[in-house]
Amino acid sequence: MGGPEKVTRQHEAGRLTVRERIGLLADPGSFAEIGALTGFADYDDGHARSILPANFVAGTARLDGRKVVLGADDFTVRGGSGDAAIHAKQVYAEQYAREMRLPMVRLLDGASGGGSVKMATEAGFTYIPVNPAWDAVVDNLSLVPVVAACLGPTVGLGAARLVMSHLAVMVEGIGQLFTAGPPVVRGGTGEDLTKEELGGAAVHRRSGAVERFVRTEEEAFDLVRAFLSYLPSSVFEIPPVIAGTDPADRREDFLLGAVPRDRRAPYPINPILEAVFDAGSVFPYAEYGGATVTALARLAGHPVGVVTTDPFKGATMSVEGAQAVTRLVDLCETFHLPIVSLTDQAGMTIGSAAERHGTIRHGARAIAAVYQARVPQAELILRRVYGVGGAGIVNRHRAGRSWGWPSGDWGSLPVQGGIEAAFRAHLMAAADPERELERLRTQLAAVASPFRTAEHFGVQDLIDPRDSRALLCDWVTDAYRLLPELTGRPSFGTRP
């Protein structure tokens, strides 16, 4: 690597070296390096007196038995910057993943490419930037699973390579993500910021640039392996089905009261997810979604994508929530995972701040992703289905399977909250407006009963919530019968 002194500095910064990272991530003895002799030699009379290794380590490895291409930055060699890189090696790693249809795993720590002022000074000229391997980097998003881990300051091209992935993971405290580092920012904008202030976890928890945050590098490697376990090695295969040990007909009695009768009362979503999906299989996806929850999970061993909400954080779809839905649905469409919505969706976030952020456009993009997805979709309606957001959380124009719980509450607007607006003139003319308002509330409470909707086939079935898992496990076996005909590249290129 960069020598004992640089290795010591890497450890003092709380970070592992590139070789230690590969040893912890890959199955023991499985890493087969490509380009092991790549470096910068200092020759004297035809003999190499010293050699500085390139700061990018590449090869193939197995993660829980699954073969992947692994590319890892070495920060101990000039901080991972371009003047200690041999770009052909990085280009080859991306191209090899594309050609051999193997998942691509990037361990990022440094600039990961690009040039430097020193390079321009030594060369005597500057150049028009070209992103190395970018054709393969872009193409791989539509071809193989790509996972990237932010394990140190990840800058410039390295930052772009992080977000050009299906899952970006950041280690809190040691990982930072920024287009340009503090010195460049200070000179360009006058902001005097530390690395953590500029691009640490606190900055990116809601930015939409990073899906998951972990406390240690070991946790990051566990996440990488877990994420890949839900996905096929390429778009030409279906997701891997495992032998399930959780009975498909498991019934949890607490589901009967999981959603409170008080429509304003929140409830925890995680116990419901654990009751419906295979035990221990729920893998949270985009953590920046706010009230919107996205995840991967299994039903009787079959991987699926999951969309729902956390009522303790709200029930409307914000800009960040829409981004999370779009990311999850595009992932499922690319790698052929059926989608399950546990719907409690009160529409788009409203108010002046939401309008300034263009929430409706982001929400419409999420709905477009749902409608463009060809994979099977199913729905459990837990509580609310309101407005544009509720209407588009699944594609209701397809013959997808849908079940409602008796706690269902739906409409263009919440009936109870919309009485004052709908009957404003009538109430103003009433002799006793408060009494008339209460009468209208009682009348509309009966109209809003989900059983009235079921009578008109507005919802396919109202079910005992305890039957949810068995019904979905039966559905997913049918859904997987359709997946082979969906294999191949997505109908349009996957974007970050």
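**Cysteines, strand pairing and helix packing in the predicted model**

No disulfides are counted in this structure: the total is zero. The model is a predicted one. Cysteine 473 takes part in no disulfide, and the nearest cysteine sulfur, belonging to cysteine 332, is 17 Å away.

Strand β7 (residues 146-155) and β8 run parallel and are joined by four bridges. Strand β8 comprises residues 167-171, and five of its five residues are buried. In a regular strand, side chains alternate between the two faces of the sheet. In β8, Leu167, Val169 and Val171 lie on one side, whereas Ala168 and Met170 lie on the other. Residues on both sides are buried, so both faces of β8 are covered.

Strand β4 (residues 56-63) runs antiparallel to β5, and eight bridges join the two. Within this pairing, phenylalanine 56 has aspartate 73 of β5 as its bridge partner. The hairpin formed by β4 and β5 has two residues between the strands. In this hairpin, aspartate 64 adopts a positive phi near 50°. Strand β5 also pairs with strand β6 (residues 104-110), here in the parallel sense and over four bridges. Methionine 104 of β6 stands opposite valine 69.

Two packed helices are described by the angle between their axes and the distance between the axes. For helix α12 (residues 319-335) and helix α14 (residues 359-372), the angle is about 20° and the axes are 8 Å apart. Because angles under 35 degrees count as roughly parallel, α12 is roughly parallel to α14. The crossing of α12 past α14 is left-handed. On the α12 side, the contact is made by Val319, Ala322, Gln323, Val325, Thr326, Val329, Asp330 and Glu333. On the α14 side, the contributing residues are Thr359, His362, Gly363, Arg365, Ala366, Ala369, Val370 and Gln372.

Two further residues were considered individually. Proline 183 lies in helix α7 (residues 182-189). Its relative accessible area is 56%, so proline 183 is exposed, the limit being over 50%. Proline 183 and alanine 61 are 122 residues apart along the chain, and their C-alpha atoms are separated by 37 Å. Threonine 494 is located in the segment after α20 (468-482). At a relative accessibility of 11%, threonine 494 counts as buried. With residues up to four places away in sequence not counted, threonine 494 touches Leu141, Ser142, His166 and Thr334.

Terms used:
Residues numbered from 1 in each chain as written. Predicted model: local features only at pLDDT ≥ 70, side-chain atom pairs only at ≥ 80, totals over all residues. Heavy atoms only, no water. Disulfide = S-S within 2.5 Å. Pairing = 2+ DSSP bridges. Axes fitted to C-alpha atoms, helices over the stretch in contact; angles between N-to-C directions. Parallel < 35°, antiparallel > 145°, perpendicular 65-115°, else oblique. Left-handed = near helix turned anticlockwise from the far one by under 90°. Contact = heavy atoms within 4.5 Å. Buried < 20%, exposed > 50% of the residue type's maximum accessible area, 1.4 Å probe, protein only.
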